[in-house]
Amino acid sequence: MAAETASARHRRLRTLGSYAFLTAAAIVILFPIYVTIVNSLLRPDQLVEQPPPLVPTSPQWHNYVAAWTTGSMSTYMATSAIMTFAIVAGQLVTSILAAYAFAFLRFPLKRTLFVVCLATLMIPLEVTFITNLDTVTSLHWFNTYEGLAVPFLATGFGIFLLRQAFLQIPRDLQEAAQLDGYGHLRFMTRVAVPLARPSLAALGVFSFLAAWNQYLWPLVATGGQTPLNTVQIGLKALLGQQVSQIPISLAGAVIAFVPLLILLLIFQKQLVRSLTAGAVK
Amino acid sequence: MTDIGRAGMDAEGGLEAAALVVETHEAEVEAREAGGDTDKTTGDGAGGALARRRRKEAALAYVLLLPALVLFGVFSFYPFFRNFKLMLYETPPVPGLPARYVGLHQIVPTITSTEFTQSLVTTVIFVVLVVPISLILGLALAVAAHRKLKGIGIYRMIFSSTVVSSVAVASVVFGTLLNPVVGLLPWLGINPTPPALESTTWALPSVALITIWQFLGLSFIIMSAGLQSVPDELLEAARIDGAGAWTRFWRMTVPLLSPTIFFGFVVSTIYAFQAFGAIDILIGNSNAVRLHTNVLIYNIVNTLQVSNNPGAAAIMATVLFLIMLGLTVLQMRLLERRVNYGR
Amino acid sequence: MAQVGFDGVTKRFGDTTAVDELTLQVLDGELLVLLGSSGCGKTTALRLVAGLEALTAGRVTIGDRVVNDIDPKDRDVAMVFQSYALYPHLTVAKNIEFPLRQRGAGKEERSAKVKQAAETLGLASLLDRKPAQLSGGQRQRVALARAIVREPLVFLMDEPLSNLDAALRVQTRADIVELQARLNTTTLYVTHDQVEAMTMGHRIAVMNEGRLQQVATPEDLYARPTNVFVAHFLGSPGMNLVEGLLVEGSGNETTGGEDTLCVSFLGASVPLPAEVATDVRGSGPDVVLGLRPETLHLSTDGPIAATVIIVELLGAETLVICRTETGARIIVRQPASAARPSIGDAVRIAVDPEPRAYHLFDAESGLRLGDRP
Ligand SMILES: Nc1ncnc2c1ncn2[C@@H]1O[C@H](COP(=O)(O)OP(=O)(O)OP(=O)(O)O)[C@@H](O)[C@H]1O
Ligand SMILES: [Mg+2]
């Protein structure tokens with residue numbers, strides 16, 4: 001009896017210890033974000049106060065208004081949204097089409113072409129952007145939405161992910177549909193795509209995150225100029241040197257972060273799935 | 001630089017390489033394809049109609065592949081191969097002069113130039129700062145969060161959260177935290193001169209700190225996924241055998257997780273090699289410490305846009321490519337060994 | 001409705017010949033069962049009719065159309081897959097309706113047909129469920145419903161009952177027979193289960209290693225197996241097959257008569273019934289004698305001496321497995337009411353004195369002797 005209580009107490013202590021560690025870690029990780037939110041609501045003169053305020057006693061919401069309007073966050077957000085939407089939609093479509101061919105159709109050079117698609121994953125943007133900049137310029141796409149989005153409309157990762165999903169679909173389903181008069185395109189839209197929804201969601205979330213957070217390409221493909229700055233490049237412009245500018249740029253950072261936070265809250269599972277695809281068999 | 005987004009979108013060699021290996025070992029795929037192939041070899045005495053159907057199917061396949069292949073061709077393979085051509089041309093530093101053919105003569109001077117070697121050294125230091133710390137922290141968090149506790153979902157969400165932060169957001173956030181006049185540092189009496197981001201000693205570690213914070217989410221996610229794939233019974237069995245937490249961790253968890261850890265190592269190394277954004281935002285070109293944070297990509301971008309020499313940029317980009325290729329091949333080798341000898 | 005014809009049909013996959021020169025007619029409105037052990041090419045034959053597989057040689061006809069070059073979708077056949085091939089993301093109603101959407105049927109017509117098919121198969125209350133929420137038997141019925149709404153020329157069924165438990169299989173077997181009889185749709189039904197074949201088929205086509213062995217009604221197949229393979233394959237347990245020798249008038253006292261034809265086997269010599277004797281006279285003398293377990297019995301004056309090695313109780317019947325002095329294994333099936341021997345007993349086995357008890361096959365070719373053309 002006594003031993004039991006002792007072990008129970010031991011367990012409770014362990015649990016408490018776990019919570020203590022987890023909570024401490026959470027605080028350390030969230031601390032920069034918390035400070036950012038607090039500081040984004042301060043007056044510039046409060047920023048240099050000692051000790052620094054840990055709660056915004058008189059929240060300066062107009063900092064957000066300033067970031068949104070005079071700080072041009074509204075246009076940056078719109079640019080990012082359009083570019084991201086185009087990339088996500090484009091990647092989903094091109095990946096579905098190609099993955100379907102690899103999973104369901106027979107054709108010469110299938111293996112080779114699949115390897116070609118995967119090989120693109122080995123060629124990072126850091127290697128291709130030199131020429132892509134020339135290509136985009138000669139297409140008169142410099143500083144345009146086309147220039148921002150078109151180079152990313154296809155992805156080997158997406159093709160790989162969706163092909164895996166399509167291969168899970170029993171062959172029988174395709175044959176049954178074929179006997180019922182469904183061609184490949186109809187089978188794709190009516191059966192294959194609906195059945196691959198979890199993978200599509202994973203790919204969509206992954207593409208969204210990747211596109212929204214791009215930095216190097218939007219920088220070089222627009223020359224860092226308005227009006228086509230994405231949020232990420234816009235933040236750089238917003239990050240002024242004067243202290244008076246700091247709360248506004250922090251507000252801008254919060255604004256840029258919010259869509260992704262929502263994304264994480266809703267699609268955590270899909271995001272994890274896509275980020276670990278291939279990591280754990 | 002190194003926002004996870006780009007890493008994922010453009011290279012993420014680690015993820016994909018692993019995927020590739022897994023793929024080649026996939027029996028089901030093989031079987032299905034083999035079925036198709038044998039079928040193809042069947043002599044079809046019936047002739048015309050069947051052959052026509054086959055042709056139609058192949059034609060449809062190529063149509064479906066067309067968009068992706070065209071995009072890959074134009075924006076991946078063409079630039080990749082054109083790099084080799086660019087390497088042969090040098091653009092003189094005087095504006096207005098055309099690039100001239102120099103053959104292979106530009107290569108050796110470029111990769112032996114102090115600027116490039118320093119940049120390579122800087123990058124390696126940066127990688128060494130970022131990779132081990134973010135992996136160890138990610139593993140620690142994953143192990144701590146691998147318990148069935150009430151509310152653990154919230155902790156997991158928090159630990160994963162930095163995965164969605166972009167490099168620009170992280171830079172703005174940490175730029176302020178490290179600001180010498182704002183907030184905590186002056187109050188804590190930490191008042192280095194010059195300030196961290198302007199110090200030749202501290203600028204690079206500061207950028208590394210930002211990168212670690214940003215990579216922590218992904219590191220946690222990868223390690224968690226690895227832990228979840230370890231059968232609970234194994235750890236429970238060890239516990240029943242009386243192994244303490246510490247022994248269990250080193251004797252069971254770490255070995256079982258070694259493929260995951262290695263995967264995380266490759267992903268984070270590639271990620272760190274691509275670092276660019278934070279340096280561009282926080283340090284920039286004008287700053288005095290620029291030479292001490294001149295990581296590879298920053299150097300490439302500068303060579304292209306400031307020095308205006310695509311040839312040299314292409315040479316450096318190719319070096320970067322080779323480094324990443326080496327890492328990916330290493331990853332594949334080790335995974336293969338696991339597949340062959342493991343289990 | 002239509003008949004289905006195989007005319008010298010061959011299908012090879014690389015080196016394997018899955019179907020070898022199959023010639024077979026499925027009559028209009030008939031339920032023909034393709035029976036054979038695993039890997040003998042039944043599924044392949046079915047898929048050749050559906051057009052899911054391309055022929056290596058020969059012709060397949062549906063009605064009076066050669067369909068070799070016709071697209072699967074234009075063949076007007078409906079297939080019930082072993083896996084049922086239900087669309088997991090669609091409700092039962094949508095699954096049943098799926099084939100109709102593609103055929104330009106109006107909304108009202110579609111829902112009327114779905115309703116009718118659902119009622120026929122007792123699915124009316126399940127229409128809004130997804131396949132994952134159904135039992136195996138219910139899924140099977142959805143697959144059937146999806147086939148019948150199409151009102152196709154031909155049903156193709158590939159082991160549709162193999163995923164069901166024994167009791168449900170018996171029930172569904174009867175349901176399919178009844179449904180087929182009502183719709184009178186030509187049906188090609190594949191199974192490896194001979195009970196299923198015997199109880200369902202109007203005729204049964206037995207296949208082995210890609211080759212057709214025999215096509216006949218269940219009764220004929222059982223009574224007059226055309227070769228050693230079919231003889232052994234059908235019945236549970238299958239026929240006892242022993243080597244024998246045809247001997248003219250061996251002078252056994254019991255029957256007498258100079259022209260008695262006897263078969264000597266397992267150290268015994270037994271005169272053949274007159275009908276059998278007339279049929280097989282002149283062949284041989286080396287034969288394979290087939291004796292169904294149920295036409296044997298234990299009898300003190302039986303001609304074959306043996307030792308009991310296993311006794312299996314099957315409820316209504318008992319299987320007595322014996323070893324003869326010559327080392328052959330002989331199975332005797334007797335009613336439970338008969339005296340049951342114990343293991344190790346020395347017994348004597350007798351053959352029923354009826355013509356149907358004797359199946360004689362040529363020792364060389366394995367073909368049945370005395371099959372009149
Ligand atoms: N797509 C294919 N590629 C290569 N060989 C095949 C293919 N399909 C079938 N075969 C081979 O053809 C032979 C006949 O196969 P089939 O599926 O018709 O057998 P089955 O009689 O239906 O067997 P079961 O009762 O096990 O379903 C087998 O040897 C099989 O391995
Ligand atoms: Mg089969």
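Me: Before we look around, what counts as a cavity here?
Reply: Happy to start there! A cavity is a set of grid points where a 1.4 Å probe fits but cannot get out. The structure is a predicted model, and its cavities of 30 Å³ or more number 8.

Me: Which elements give two or more residues to the lining of the second largest cavity?
Reply: That cavity has a volume of about 80 Å³. Its lining draws on two chains, with Ala176(A), Leu179(A) and Asp180(A) among the residues from chain A and Val77(C), Met79(C) and Arg146(C) among those from chain C. The elements that supply two or more residues are α9 (171–179) of chain A, together with β6 (77–80) and α4 (136–149) of chain C.

Me: Now for the second largest pocket: which element gives the largest share of its lining?
Reply: This pocket has a volume of about 1,200 Å³. Of its 33 lining residues, the closest to the centre are Val143(B), Ala144(B), His146(B), Arg147(B) and Arg248(B). Elements with at least two residues in the lining include α1 (2–40) of chain A and α6 (114–144), α10 (203–229) and α12 (245–273) of chain B. The largest share, 8 residues, comes from α12(B).

Me: What is the make-up of the lining of the second largest pocket?
Reply: Two of the residues closest to the pocket centre are Arg147(B) and Arg248(B), and Arg counts as charged. Over the whole lining, the residues divide into 8 charged, 5 polar and 20 nonpolar.

Me: Is the aromatic pair of Phe159(B) and Phe220(B) stacked or edge-to-face?
Reply: The count over all chains is 26 aromatic pairs. In this one the ring centres are 5.4 Å apart, and the planes stand at 80°. An angle over 60 degrees is the cut-off, so the pair is edge-to-face.

Me: Where do Phe159(B) and Phe220(B) lie in the chain, and which aromatic cluster do they belong to?
Reply: Phe159(B) is in helix α7 and Phe220(B) is in helix α10 of chain B, 61 residues apart, which makes this a link between distant parts of the chain. Both residues are buried. The aromatic cluster they belong to consists of Phe159(B), Phe220(B), Tyr155(B) and Tyr19(A).

Me: Is Phe229(C) buried or partly exposed?
Reply: Phe229(C) and Phe233(C) lie 4 residues apart in helix α8 (residues 228–233) of chain C, about one turn of the helix. Phe233(C) has a relative accessible area of 19%, so Phe233(C) is buried. Buried means under 20%, and Phe229(C) has 23%, so Phe229(C) is partly exposed.

Me: Which ring has the charged end of Arg292(C) over it?
Reply: A charge can sit over a ring in chain A too: Arg163(A) lies over the face of Phe114(A), at 4.1 Å from the ring centre. For Arg292(C), the distance to the ring centre is 3.8 Å, and the ring is that of Tyr222(C).

Me: Which strands stand at the edges of the open sheet in chain C?
Reply: The 4 strands are ordered β2-β1-β4-β5, with antiparallel pairing. Strand β1 (residues 4–13) is joined to β2(C) by 7 bridges, and Arg12(C) has Thr17(C) as its bridge partner in β2(C). Each edge strand has a single partner, so one side is left without a neighbour in the sheet; these strands are β2 (16–26) and β5 (65–66).

Key
Residues are numbered from 1 along each chain as its sequence is written. Chains are lettered from A and ligands numbered from 1 in the order in which they are written. This is a predicted model: local features need pLDDT of at least 70, side-chain atom pairs count only at pLDDT 80 or more; totals for chains, interfaces and linings use all residues. Side-chain values use heavy atoms; hydrogens and water are left out. On a 1 Å grid over the protein atoms alone, a cavity is a set of points where a 1.4 Å probe fits but cannot get out, and a pocket is an open set with protein on both sides within 12 Å along at least five of seven lines; lining residues have an atom within 4 Å of a point. Grid points are joined across faces, edges and corners, and a volume is the space filled by probe spheres set on the points. Rings of Phe, Tyr and Trp (its six-membered ring) pair if their centres lie within 6.5 Å; planes under 30 degrees apart count as stacked, over 60 as edge-to-face and the rest as tilted. Buried means under 20% relative accessible area, exposed over 50%, partly exposed in between (1.4 Å probe, protein chains only). A charge sits over a ring if NZ of Lys or CZ of Arg is within 6 Å of the ring centre and within 35 degrees of the ring normal. Two strands pair if DSSP finds at least two bridges between them.
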